[in-house]
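Dear colleague,

Please find below the structure that I am handing over to you. My notes on it follow the display.

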Amino acid sequence: MSEKIKNYRGEALKSADIKEGRVPTEKCRPKAKFAWSAGIAIGRFLEELKKAKIIASTCSKCGRIMVPPRIYCENCFKPTDGWKYVKDTGTINTYSVSYLAADATRLKEPILVAIIDLDGASEGMGIIHKLGEVDKEKIEFGMKVRAVWKPKEERVGSITDIKYFKPVKEETP
Amino acid sequence: MSEVAIVGVGCVGFQPILPELSYKELMYEAAVKAYDDAGVDPRKDIDVFVTCAEDYLEGFSIFDEFVPDQLGAVLRHLFTVSGDGLLGLANAYMLIKTGHFDTVVLEAHSKASDLLTLMDVIAFALDPVLNRPLGGHPYYVAGMEMNRYLHDTCTTVEQCAQVVVKNKKNACGNPYAAYGANITLDQVLCSDMCFYPLKKLEISTPADGCVVMVLASEKVAEKLTDKPVWVKGVGWCTETPNLETRDWSKAVDTRLAAEMAYKTAKIHNPRKEIDLAEVNDLFAYKELQHMEALKLCAYGEAGKLTEEGVTARNGELPVNPSGGLLGMGYGLEASGTEKLLEVVLQLRGEAGRRQVSNVEVGLAHAWRGIPTTTGIAAVLSNVK
């Protein structure tokens, strides 16, 4: 409340006034359901994730190997020329620790999110995913990480077919 | 001030559904065709990109951000108009008129099939306190408007049905049309009553598709093509959103939009000076009501003219030779560019078996659908 105004006119509305019907209200919940066509490029990408593989598309003009794949090179504005598998390992380009959920409530376990430049893809191209099996204090730029896939029977052709990426060094004894 | 021309067009669709392409791929395919038609490289030759989309129809917040890649507009100058494609045309036109820009790309698309609850989203455009609690399908608004329009003008249900017969037949000759058909007046009149007096076959069905166009200033246009289509004038207008107080008989927003466009285009007698018109026919009666608002005929006269065949493709004033939205499909925010595409093809003499002979001036018109009162009109010509 502004310091200059000590008392606003009228009575303050309390949430109980709404809950108990003392003031008129209208409620309406939007019914908006979408089913986006994945298309040629992302359709293939998701099919490959189901097989625990990551696929890129390539541009013969600029030579880029692009993940996620697309049917056009946005820099050259020409159709892509082919498909190429990239590795499920990469390095951390940047990362953050999300302590809050989308509704701004504090998460019990923070989510570790990272941009991962994938091995075999062109520089600065890769995937955004979560990190796991790592202490948040120990995440570093350039850290080598590897995808941890869900078991075959649980993979459905989704970005979440990869559970998370974990540091490579921790798996070698 | 430089004149403004459309120098390239590209279209993919319209189809009932285009499940094989994502919206990005759909836009890319249409853009490739438009740039090829214009002979331009979007990475070097285009000053500004204007796209038209409404977030709620796309299912993305801030949809603007999802459009540069597929148009060749990465790290270029781009903005999105939250409105019909013809409003995008108005923006593109004004950009070139400022003298600061020579080439502008216009894009509008529909991926209506991605939206599983289209009518619920349209219902969400109704006032949440005064209208929505009453329930029902939002197209009852069209039923009320048609009823009042027929009552006031003595237009008959047969005359409205004739619009459907004409447009669906025209669409048979249009490779960009999703719903061409040879049907009879009786089939329309006997189709299900949906929103009295509006019947099922009088309602346009949604379709997927994309239209991309390249616009250029006079000096660039004349270098690029020997078939420029000049934008002679654009106008737009919105009446009140209140269902309770709007004009239910005349499309007054379209009337004022047309007057704005005609003023710039120096059109004094639209009926005589316009050779073909592509007008919004989301519902059959709307074609008639819009013809009157666009001054193509007197108030209450459009039904009679349609019955007499004046608005047929080979009539004295062809209206919707493309097949209209009834024949091509309702392309959401691309609806206006469906109209614009046909006018451009007709004025270039490239409309194939639906070509209207001796055309010099064409009119493209859009209405933003239920429950809006926004009309947009554009006058185009193949003569500078």
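**Sheet of chain A**

In strand 2 of chain A, Met66(A) is the bridge partner of Ser57(A). Helices (H or I, at least four residues) and strands (E, at least two) are DSSP runs, numbered from the N terminus, and two strands pair if DSSP finds at least two bridges between them. Please note that this is a predicted model, in which local features need pLDDT of at least 70 and side-chain atom pairs count only at pLDDT 80 or more, while totals for chains, interfaces and linings use all residues. Residues are numbered from 1 along each chain as its sequence is written, and chains are lettered from A and ligands numbered from 1 in the order in which they are written.

Strand 1 of chain A pairs with strand 2 (residues 65-66) of chain A in the antiparallel sense, over two bridges. Six residues lie between the strands of this hairpin, in which Gly63(A) takes a positive phi near 80 degrees. Strand 1 (residues 54-58) of chain A also pairs in the antiparallel sense with strand 5 (residues 82-86) of chain A, over five bridges; there, Thr58(A) stands opposite Gly82(A).

**Domains of chain B**

Chain B is divided into domain 1 (4-117 + 207-224) and domain 2 (138-204 + 230-381), with bounds from an automatic or database domain assignment. The centres of the two domains, taken over C-alpha atoms, are separated by 23 Å. In all, 29 residues of domain 1 of chain B are in contact (C-beta atoms, placed from the backbone, within 7 Å) with 26 residues of domain 2 of chain B. On the side of domain 1 that touches domain 2, strand 1 of chain B supplies the largest share, eight residues.

**Nonpolar core**

The largest nonpolar core has 155 residues, and among the members that touch the most others are Ala5(B), Ala30(B) and Val214(B). Such a core is a set of buried Ala, Val, Leu, Ile, Met, Phe, Trp, Tyr and Cys residues joined through C-beta atoms within 7 Å; buried means that 20 or more other C-beta atoms lie within 10 Å of the residue's own. Helix 1 (residues 23-38) of chain B gives the most to this core, with ten residues. Both domain 1 and domain 2 of chain B contribute at least three residues each. Not counting residues up to four places away in sequence, Ala5(B) touches several residues, including Leu215(B), Ala221(B) and Trp230(B).

Yours sincerely

Note on methods. A residue is buried if 20 or more other C-beta atoms lie within 10 Å of its own, exposed if 12 or fewer, and partly exposed in between; C-beta atoms are placed from the backbone. Two residues are in contact if their C-beta atoms, placed from the backbone, lie within 7 Å.
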